[in-house]
Amino acid sequence: MPEARAKKGAAGNGAAREPAAEGTADAAGTGSTAGTARPRRRQARGEARIAQLLQAAASVFCTSGYTASSTNAIAREAGVSPGTLYQFFPNKEAIAVELGDQLLHRWRDTYGAAFDQSHIELPLDQMLDAVLDPLIAFNCENPAFFVLMHGSEIPGRITEEHDTLHATMLSRVEEILADYLPDVPAVQLHRVAEMAFMVFKAGLDLVMANEGEEREAYVREMKAAMYRYLDPLIGDASPRPASHARQDRTP
């Protein structure tokens, strides 16, 4: 009987300790708030640290390029030790992939709004402004996106997602042009869309390579090139821009 009572008492003590591990009150009077708040604080600190490291990585990638960047440089930029960095990311590639994923998600939202079908109701010059301005602004505000999407030796996952994104954006360009050019064969429409898209990409290279007034000048040149290419093709399908708008497009 004493043995039975001892086993029962041991089981009872264990049952009392188990809820305390989950954050409920124990014999010492520890409340559930303290038990559950600690993991939340650790998680919040971890998320803040990750954001800090990604911001530092974006700065280092823009300054040195992806290939020449190192985890030590990223840690130094973030103001932490390399050991702290490795608690969250095993290597530079993992940092680039995480940063690339976040930027790609935001880029999808940006081009989704830029390629809104309502823009086809605008005159060609205004339609170009509505489509191109948010895309250009995103790249200027997030230069690390340009580095990760165009640099050499970028992790394969980012390259694959970029290729998928390229195909999706090209399809959106075709959709908009199809509304302007409903009678153009699909093969030709694809060719026009791809040419317009490549003009944008080439112009963006020049835009990102400059700053200030010179950058703005290249933005205007990009739009002028795009307008002069598409205007003869679209013709009467688009409302004609005002005369001052045509003058603005002329260098």
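Author: A helix here is a DSSP run of H or I with at least four residues, and helices are numbered from the N terminus. The model is predicted. By that numbering, aspartate 116 is found in the loop between helix 5 and helix 6.

Reader: Why is aspartate 116 called partly exposed?

Author: Its relative accessibility is 33%. Buried means under 20% and exposed means over 50%. The value falls in between, so aspartate 116 counts as partly exposed.

Reader: How far is aspartate 116 from valine 131 in space?

Author: The two C-alpha atoms are 8.2 Å apart. Along the sequence, 15 residues separate aspartate 116 and valine 131.

Reader: Let us take alanine 193. Where is its place?

Author: Alanine 193 is in helix 9, residues 186–208.

Reader: What makes alanine 193 buried?

Author: Its relative accessible area is 0%. The limit for buried is under 20%. Alanine 193 is below that limit, so it is buried.

Reader: Which residues is alanine 193 in contact with, leaving aside neighbours within four places in sequence?

Author: Leu170, Val173, Glu174 and Leu177. Contact means heavy atoms within 4.5 Å.

Reader: Why does glutamate 175 count as partly exposed?

Author: Glutamate 175 lies in helix 8, residues 156–180. Its relative accessibility is 41%. From glutamate 175 to histidine 190, C-alpha to C-alpha, is 9.7 Å, at 15 residues apart in sequence.

Reader: What describes two packed helices?

Author: The angle between their axes and the distance between the axes.

Reader: At what angle do the axes of helix 6 and helix 10 cross?

Author: Roughly 145°, and the axes come within 10 Å. Helix 6 covers residues 124–141, and helix 10 covers residues 212–234. The crossing is right-handed.

Reader: Which residues of helix 6 meet helix 10?

Author: Leu124, Asp125, Leu128, Asp129, Leu132, Asp133, Ile136 and Cys140. On the helix 10 side, the residues include Arg215, Met222, Tyr227 and Ile234. By class, this contact has eleven nonpolar, no polar and six charged residues.

Reader: How does a helix turn bear on which residues point the same way?

Author: An α-helix has 3.6 residues a turn, so residues three or four places apart point the same way.

Reader: Which residues of helix 3 are buried?

Author: Thr71, Ala73, Ile74, Ala75 and Ala78, in a helix spanning residues 71–78. Helix 3 is followed by glycine 79, which has a positive phi, near 75°.

Reader: What lines the largest pocket?

Author: There are 14 lining residues, and Leu54, Ala58, Leu99, Leu103 and Arg106 lie nearest the centre. Helix 2 (32–64), helix 5 (92–114) and helix 7 (143–150) are the elements giving two or more residues to the lining. Helix 2 gives the most, with six. The volume of the largest pocket is about 190 Å³.

Reader: What share of the protein is buried?

Author: Of the 251 residues, 37% are buried. Among contacts with a separation of 6 or more, 66% join residues 24 or more positions apart.

Conventions
Residues are numbered from 1 along each chain as its sequence is written. This is a predicted model: local features need pLDDT of at least 70, side-chain atom pairs count only at pLDDT 80 or more; totals for chains, interfaces and linings use all residues. Side-chain values use heavy atoms; hydrogens and water are left out. On a 1 Å grid over the protein atoms alone, a cavity is a set of points where a 1.4 Å probe fits but cannot get out, and a pocket is an open set with protein on both sides within 12 Å along at least five of seven lines; lining residues have an atom within 4 Å of a point. Grid points are joined across faces, edges and corners, and a volume is the space filled by probe spheres set on the points. Axes are lines fitted to C-alpha atoms, for helices over the stretch in contact, and angles run from 0 to 180 degrees between N-to-C directions. A crossing is left-handed if the near helix is turned anticlockwise from the far one by less than a right angle, and right-handed if clockwise. Ala, Val, Leu, Ile, Met, Phe, Trp, Tyr, Cys and Pro count as nonpolar, Asp, Glu, Lys and Arg as charged, and the others, Gly among them, as polar. Buried means under 20% relative accessible area, exposed over 50%, partly exposed in between (1.4 Å probe, protein chains only).
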